[in-house]
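Welcome, and thank you for taking a look at this model.

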Amino acid sequence: MTLNRTVDHVDDYFGTRIADPYRWLEDDRSAETAAWVEAQNLQTFAHLDRIPFRAAVTARIRALADYPKYGAPFRRGGQLFFFLNDGLLNQSVLYVQDGLHGTPEVLLDPNTFSTDGTVALASFTLSRDGRYAACETTAIPGSDWHQIQVMDMATRAPVGEALRWVRFSAVAWRGDGFYYSRYPEPAPGTELTAPVAHQKVFFHRVGTPQRDDALVFEDPAHPTRFNGVQVTEDERFAIRIGWEPGRRGNDLWVRDESAGESAFRPIVAEIGDDSFDVVDSVGGDLLVLTNRDAPNRRLMRVDLARPAFDDWSLVLPERGEPLEGVTTAGGRLFAGYLEDVASRVEVFGLDGTLHDRIALPAPGDALGYAGRHDDGDVFYVFTSMNQPPTIYRYDIAARSSTVFRTADVPDYDPADFDSRQVFFTSRDGTRVPMFLVHRKGLALDGRNPTILSGYGGFNITKHAEFVQHRVAWLEQGGVFALANLRGGGEYGEAWHEAGMVFLKQNVFDDCIAAAEYLIAEGYTAPDRLALQGGSNGGLLVGAVVNQRPELFAVAQPRVGVMDMLRFQKFSVGSAWVTELGSSDDEAQFRYLLGYSPLHNIRPGVRYPATLVTTSDHDDRVVPAHSFKYTATLQETTGDDPPKLIRVETRSGHSASNLNKGLVEAADIYSFIWASMGLFPALPPSRRS
């Protein structure tokens, strides 16, 4: 590529000089970068256009997605609210109905928010009395910048002006207004790349202009902190929480609004490495989920008259399995545990007395259980690698679950596919789990095309879940493997810590061991194995392929963090320093340099065929990571096999609408098959 021009730019890190020849690609709004993106996309789509089965793959994936996709309902005042995409709509539509059996009517259709369906409804939050709703939408398609518009639920009309420059904010109603967090208006042209700073908390009263919003909290001494306020369901307590880049935990401050308190008083005054999540208030006390002195987390009760930690009382003790989360509804606690990465849900009284263990149909992932104090039931969604999402209704008094809605994926029978969990041994002897899904009767002959995916970071658990477009891969005899690498939250904080900062290599070793297991057990071979991951998982792909390129036929990093020396300088990158370290610290710089995907591409080595994917509006992992990585990969390793980048427009860290996501998935599968020299025999669809 002639557009892969270089500049003579060198940075000095503690006496080590590091060239950055593609520094100019960090300016993703320059005309030169735009020309580079256009030329790269022309090359990439010309390659994809030459794949003879690409159109058939796209059609098949669209057919698999063309069915009603429901979200779990939630209640308010006898009404049921739920999201539904009845087929191939770009955005799911919000419906409301009276009770369980009422007639649904459209409440909000986000497909009308923009001409191309890229503006999404990010959240919908009702006031306590149900009179108003705060509708949060994406202000820039795919971006983390949002705006909030209040809607009058009686007239369905907007009230007042939209609140702007909202980012990483919850909406917490109290009376006729709500708390929210916003940033100062950025300079034009810097909205997507400039580091975020000076987040403030405001209170907005319905019907008043944003300029009149009351400032609730600011912290000019700590400009990079994230600040927010939540309100307990009874609206008695406002809870202020702050997070600091460089720390894993949060502080916790409270004010009793029913008593007219104007100042927040500390429960946990300093931000450290312990987390404190307020679940609810009970009898004037707070229920707090914390990992302080409990790496797998426990639920505590805080008497606000005696807020010192030593005076907190235990409600749910720490166990050997991580406590993922706790919700309240109908006077009960719903506690979600992880047992070898499978959900287990137990129901307790507010005092911690066990009432029920919810029986799930198989090992998999169960989410939901949210409700209000006066609800008699809750809804949850169960899914597994081969089981499409099923919505269940749990009757709290009867302690029983019934199927509420099922998913009818076209031309798909879960019984035709096997889903299993295996364990393999990593380099240092650690036992690591991995989920597999494939057709029944798979021959372990080492010739099955296989996609290995992983994440391994930020205490995030990668659950066994159904992905509709993956069926197109599986029905062709493909295997999909999800490795639960260290750095995630699968086994609690100890598992997370084992993949952080100076232990990040453990994550890469786990992924390499997963690939070696799949090959040794006869699932696949290096010429039939693809490695795929997004965001922190994109970093994983880049680092692992640098270290063991011979293990893979295809690499597919999506929106990856590729420049480990400069990530903290863009957008929200400073928030990742706790997890990854920073080149501003000499010891951490040397460790980061040792695995940074951008800085460890080796000349003279045959790399796998590579399709990098990113989006022009990704302001979480800015596209410059992918731009610089691709240019370096192309110039260092050549174009045999191809090294391509696909840059989506009007999209962000994930696809900004359904159809963009489906087309991207089709392009990825097509690229993988073609790079392996395979020609899928796609079945005809019974639905258009």
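His-198 sits in the loop between strand 13 (177–182) and strand 14 (200–205); helices (H or I, at least four residues) and strands (E, at least two) are DSSP runs, numbered from the N terminus. Before going on, please note that this is a predicted model, in which local features need pLDDT of at least 70, side-chain atom pairs count only at pLDDT 80 or more, and totals for chains, interfaces and linings use all residues. Residues are numbered from 1 along each chain as its sequence is written, and side-chain values use heavy atoms, with hydrogens and water left out.

His-198 has a positive phi of about 65 degrees although it is not a glycine. With a relative accessibility of 36%, His-198 counts as partly exposed; here buried means under 20% relative accessible area, exposed over 50%, and partly exposed in between (1.4 Å probe, protein chains only). Glu-235 also is not a glycine and has a positive phi, of about 60 degrees. Its place is the loop between strand 16 and strand 17, and Glu-235 counts as buried at 14% relative accessibility.

## Around the loop of Thr-232

Thr-232 is found in the loop between strand 16 (226–231) and strand 17 (237–243). Is Thr-232 buried or exposed? Thr-232 counts as buried, at 5% relative accessibility. Not counting residues up to four places away in sequence, Thr-232 touches Phe-237, Ser-281 and Leu-286, where contact means heavy atoms within 4.5 Å.

## The nonpolar cores

In soluble globular proteins, nonpolar side chains tend to be buried together. A nonpolar core is a set of buried Ala, Val, Leu, Ile, Met, Phe, Trp, Tyr and Cys residues joined through side-chain atoms within 4.5 Å. In this model the largest such core has 68 residues, and those with the most contacts inside it are Met-434, Leu-452, Leu-518 and Phe-552. Helix 5 (residues 505–520) gives the most to this core, with 9 residues.

Leaving aside neighbours within four places in sequence, the contacts of Leu-452 include Met-434, Ala-481, Cys-511, Leu-518, Leu-529 and Phe-552. Apart from this core lies another, of 41 residues, among them Trp-473, Leu-474, Leu-482 and Ala-666.

## Helix 8 and its buried side

Which residues of helix 8 (residues 586–595) are buried? They are Gln-588, Phe-589, Leu-592 and Tyr-595. Because these residues cover an arc of only 140 degrees around the axis, they lie on the same side of helix 8; the arc is that of the directions from the helix axis to the C-beta atoms. What covers them includes strand 1, strand 2, helix 5, helix 6 (536–547) and helix 7.

## Cavities

A search of the whole structure finds 3 cavities of 30 Å³ or more. A cavity is a set of points, on a 1 Å grid over the protein atoms alone, where a 1.4 Å probe fits but cannot get out, and lining residues have an atom within 4 Å of a point. Grid points are joined across faces, edges and corners, and a volume is the space filled by probe spheres set on the points.

The second largest cavity has a volume of about 40 Å³. Its lining includes Asp-11, Tyr-13, Asp-20, Arg-23, Asp-563, Arg-566 and His-599. Strand 1 (10–13) and strand 2 (16–19) are the elements that give two or more residues to this lining. By class, the lining has 4 nonpolar, 1 polar and 5 charged residues; Ala, Val, Leu, Ile, Met, Phe, Trp, Tyr, Cys and Pro count as nonpolar, Asp, Glu, Lys and Arg as charged, and the others, Gly among them, as polar.

Met-562 belongs to the loop between strand 37 (554–558) and helix 7 (577–580), and at 1% relative accessibility Met-562 counts as buried. Its contacts beyond four places in sequence include Gly-538, Leu-539, Pro-597, His-625 and Tyr-629.

Pro-641 lies in the loop between helix 9 (624–637) and strand 39, and a cis peptide bond, with omega about 0 degrees, joins Asp-640 and Pro-641. Leu-314, in strand 23 (residues 313–316), is partly exposed at 48% relative accessibility. The C-alpha atoms of Leu-314 and Met-300 are separated by 4.7 Å, with the two residues 14 apart along the chain.

Terms used. 1 Å grid on protein atoms, 1.4 Å probe; cavity = no way out; pocket = protein on both sides within 12 Å on 5 of 7 lines; lining within 4 Å.
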